[in-house]
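Have the viewer open as you read.

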Amino acid sequence: MPDSVKDNWKEMVVQYSHPQRWRSIWQLIDTLVLYVFIWVMMYFSLRINYWLTVLLALIGAGLLVRLFIFFHDCGHGSFFASRKANTFWGYVLGVLIFTPCDLWWHEHAIHHASAGNLDKRGVGDIWTLTAQEYLRASRWTRIKYCLARNPVCLFLIGAPVMFIVLHRFPKKGAAKKELANIHLTNLGIVIMAFAISMIIGFKNYLFIQLPMSIMASSVGIWLFYVQHQFEGVYWRRTPEWDFVEESLLGASFYKLPSGLQWFSGNIGFHHIHHLGPRIPNYSLEQCYTENPLFHIKPLTLLSSLKTLGLRVWDEQNRQLISFREMRKRLGSGLISI
């Protein structure tokens with residue numbers, strides 16, 4: 001990568017790294033109002049046909065994903081200029097999306113500082129082994145890894161379990177602040193569920209909330225997966241790891257239709273987000289449009305499906321490959337154990 005890019009990238013992103021309060025407030029208003037409207041519509045749809053409720057839940061799930069992006073921006077200090085405002089709305093949104101803000105923000109900060117670094121895997125990322133590590137692993141580790149990378153386990157089972165269940169409990173060694181925030185978030189969820197259940201009944205609450213949360217968590221993990229698991233992705237050991245190269249080569253540009261781009265809060269411009277995490281979601285597209293540096297080859301909905309077959313990182317050839325390709329390369333001597 002040219003030194004001129006590495007020297008000037010800060011100037012490229014800093015002009016977009018200023019939250020506009022009125023735009024952030026409007027995003028909260030339009031999304032929360034629509035979310036409440038969908039909630040009410042889902043309640044009345046229960047009296048007609050539950051399949052209609054599930055159909056409406058698709059829209060509700062999309063709105064939860066959008067709210068998660070606002071929550072994510074609060075953690076980067078890019079949604080509001082005020083730290084207090086980011087903290088307040090981070091907690092409120094965390095209750096709605098079932099995610100404790102302090103713990104998630106902490107792990108996400110580690111992700112930004114270590115993404116693409118083979119020596120710093122394990123926090124805030126998708127479990128990724130090198131081909132050599134997989135081939136040398138025990139049978140039990142291979143089984144766990146295959147399950148963890150299986151699309152059904154990862155998106156349909158693991159994602160809802162993580163957001164609905166695992167986020168309710170602190171991890172070993174959690175700081176006191178993070179521990180307190182988990183308990184406070186859980187309390188907020190209980191109060192919200194109790195208040196709504198008093199109005200419409202607990203059974204109806206579950207029939208509405210669960211499908212939305214399950215769908216939203218699955219979509220959220222898919223977005224995170226495709227952002228860092230694709231052909232041509234960047235992984236290096238610490239001595240060679242470079243922040244700018246990782247941002248532009250290790251994070252994807254997921255080009256989505258305009259409607260899906262709105263629901264996903266422009267997070268498809270992920271290569272720009274990794275380079276400038278202080279850029280608000282609503283300024284990412286403008287940054288992309290006005291700077292040719294960011295016009296990289298995009299992933300589309302169709303091409304992104306190919307990433308589902310990628311399993312291990314071939315460190316010798318610097319490629320993310322499938323198990324089938326790994327065995328082929330092992331047999332031909334392109335991969336050595």
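## What counts as a cavity

A cavity here is a set of grid points where a 1.4 Å probe fits but cannot get out, and a residue lines the cavity if it has an atom within 4 Å of one of those points. Keep in mind that this is a predicted model.

## The second largest cavity

Let's begin with the second largest cavity, at about 30 Å³. Which residues line it? They are Tyr254, Leu256, Gln261, Ser264, Asn266, Ile267, Gly268 and Phe269.

## The largest cavity

In total, the structure has two cavities of 30 Å³ or more. The largest comes in at about 150 Å³. It's lined by 19 residues, and Ala115, Gly116, Asp125, His228 and Trp235 are the closest to its centre.

Which elements give two or more residues to this lining? Look for helix 5 (101-114), helix 10 (202-228) and helix 11 (243-250).

Now for the surface. Val152, Leu156, Ile157, Val161, Val165, Leu166 and Phe169 make a nonpolar patch of about 640 Å².

Take Leu156, which sits in helix 8 (residues 151-165). Is Leu156 buried or exposed? Its relative accessible area is 57%, and exposed means over 50%, so Leu156 counts as exposed.

How values were computed
Residues numbered from 1 in each chain as written. Predicted model: local features only at pLDDT ≥ 70, side-chain atom pairs only at ≥ 80, totals over all residues. Heavy atoms only, no water. 1 Å grid on protein atoms, 1.4 Å probe; cavity = no way out; pocket = protein on both sides within 12 Å on 5 of 7 lines; lining within 4 Å. Points joined across faces, edges and corners; volume = space filled by probe spheres on them. Helix = DSSP H or I, 4+ residues; strand = E, 2+ residues; numbered from the N terminus. Patch = residues over 30% accessible without salt bridge, like charges linked within 9 Å, V, L, I, M, F, W, Y side chains within 5 Å. Areas by Shrake-Rupley, 256 points an atom, 1.4 Å probe, with all protein chains shown as cover. Salt bridge = Lys/Arg side-chain N within 4 Å of Asp/Glu carboxyl O. Buried < 20%, exposed > 50% of the residue type's maximum accessible area, 1.4 Å probe, protein only.
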